[in-house]
Amino acid sequence: MNEDQVLTPESVQSEIRRTRHRAELPMYAITIVLGIIAAIILYIYTFNDSGALEQIKDVMAGENIIESSEEYQSIFTILVAFVSMVGGVGIAVIYVVTYLVGSYKLYASRMCYGIRVSEKNYPEIYAKVKEFTELLGLKKEPEVYVQQSNGSVNAFASWAPGRTFIQLNAEVVDLGYMENKDFDTVAFIMAHEFGHIYFHHVHMHYRIWTTLIGYVPIVGAMIISPLYSRSKEYTADRVAQALTGGKNQVEGMKLLCAGRHGYKYIDIQDYLENANQNYNILEKIARFVINMMASHPVTPYRIAAIMDETKKNGKLL
Ligand SMILES: [Zn+2]
């Protein structure tokens with residue numbers, strides 16, 4: 001996309017429809033199937049001879065007193081078993097309620113410790129919040145909070161009942177106020193989070209399945225879950241490109257590598273040449289494994305996808 005192009009809701013939304021990562025929806029389907037398998041396994045675990053239900057009966061019979069926190073992994077397991085005595089739906093009910101409480105707790109923490117971006121606080125960022133909301137045609141503006149995070153250069157989007165919200169770590173927002181006055185990079189990073197919100201990555205119906213497959217050893221937890229996550233990250237990067245016209249699209253990636261002060265001095269071509277040198281087989285396997293287990297694509301892959309003018313999909317493996 002040309003940086004000088006005038007962005008309209010129509011142009012941005014038609015661009016985004018073309019650029020969703022091709023693996024994302026197939027991965028979502030696989031995640032749902034694995035999630036259902038995980039739910040069945042959890043159900044069986046609760047009711048089998050040595051499962052949570054039996055453990056509770058033992059406790060009730062006074063045969064097995066809890067002596068340490070490890071002995072019963074969590075109160076959650078016990079709650080699941082209790083409700084399951086009333087009916088199998090108990091597992092689902094407890095799971096959803098626990099999820100809702102957890103998501104609201106995350107939101108409440110932003111309310112308690114973060115600073116809400118508004119017309120008075122961080123007005124440059126708030127202007128972008130309004131602009132991105134309009135360009136994406138979102139019905140409701142996400143709440144954006146700035147929070148000091150002990151030096152971590154990061155941001156995330158999430159959902160709580162009735163709202164979506166974004167946290168920009170203060171370390172990211174500082175870019176706008178430090179020596180480079182770089183609000184464009186802040187905007188690109190925030191636009192990426194808008195991408196997650198636009199495609200509902202943060203909503204309950206997505207998150208429940210991704211949490212469930214964490215219970216499927218190796219295939220679910222270590223292969224499918226991170227792979228699916230990487231496809232969503234590529235999608236969110238594409239949304240950020242569409243929303244910002246690609247302005248400062250590489251700066252955010254340089255920031256991840258070099259930090260807040262030095263990132264402007266990184267020569268991206270030299271970085272990529274070194275990152276893409278001819279590795280020997282052991283080095284190739286090592287990078288493959290690191291990428292395979294990562295929730296975000298390794299940086300050279302992510303930069304390559306962002307800089308690819310043909311807008312082909314990013315490399316997942
Ligand atoms: Zn992301």
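## Strand pairing

Ala157 has Ile166 in strand E4 as its bridge partner. This is a predicted model, in which local features require pLDDT of at least 70 and side-chain atom pairs count only at pLDDT 80 or more, while totals for chains, interfaces and linings use all residues. Residues are numbered from 1 along each chain as its sequence is written.

Strands E3 and E4 (residues 163–169) pair in the antiparallel sense over six bridges; pairing requires at least two DSSP bridges between two strands. Strands (E, at least two residues) and helices (H or I, at least four) are DSSP runs numbered from the N terminus. Two residues separate E3 from E4 in a hairpin, and Gly162 in the turn has a positive phi of about 90°. Because five of the six residues of E3 (residues 155–160) are buried, this strand is largely enclosed by the rest of the structure. Buried denotes 20 or more other C-beta atoms within 10 Å of a residue's own, with C-beta atoms placed from the backbone.

## Helix packing

The axes of helices H1 (residues 9–19) and H6 (residues 123–136), as lines fitted to C-alpha atoms over the stretch in contact, come within 7 Å and cross at roughly 70°. H1 and H6 are therefore roughly perpendicular, a term covering angles of 65 to 115 degrees. Pro9, Val12 and Gln13 in H1 meet Glu134, Leu135 and Leu136 in H6; contact means C-beta atoms within 7 Å.

## Val129

Val129 belongs to helix H6 and counts as buried, with 20 C-beta neighbours inside 10 Å. Beyond residues up to four places away in sequence, Val129 touches Val117, Glu141 and Val144.

Key
Buried ≥ 20, exposed ≤ 12 C-beta atoms within 10 Å, placed from the backbone. Axes fitted to C-alpha atoms, helices over the stretch in contact; angles between N-to-C directions. Parallel < 35°, antiparallel > 145°, perpendicular 65-115°, else oblique. Contact = placed C-beta atoms within 7 Å.
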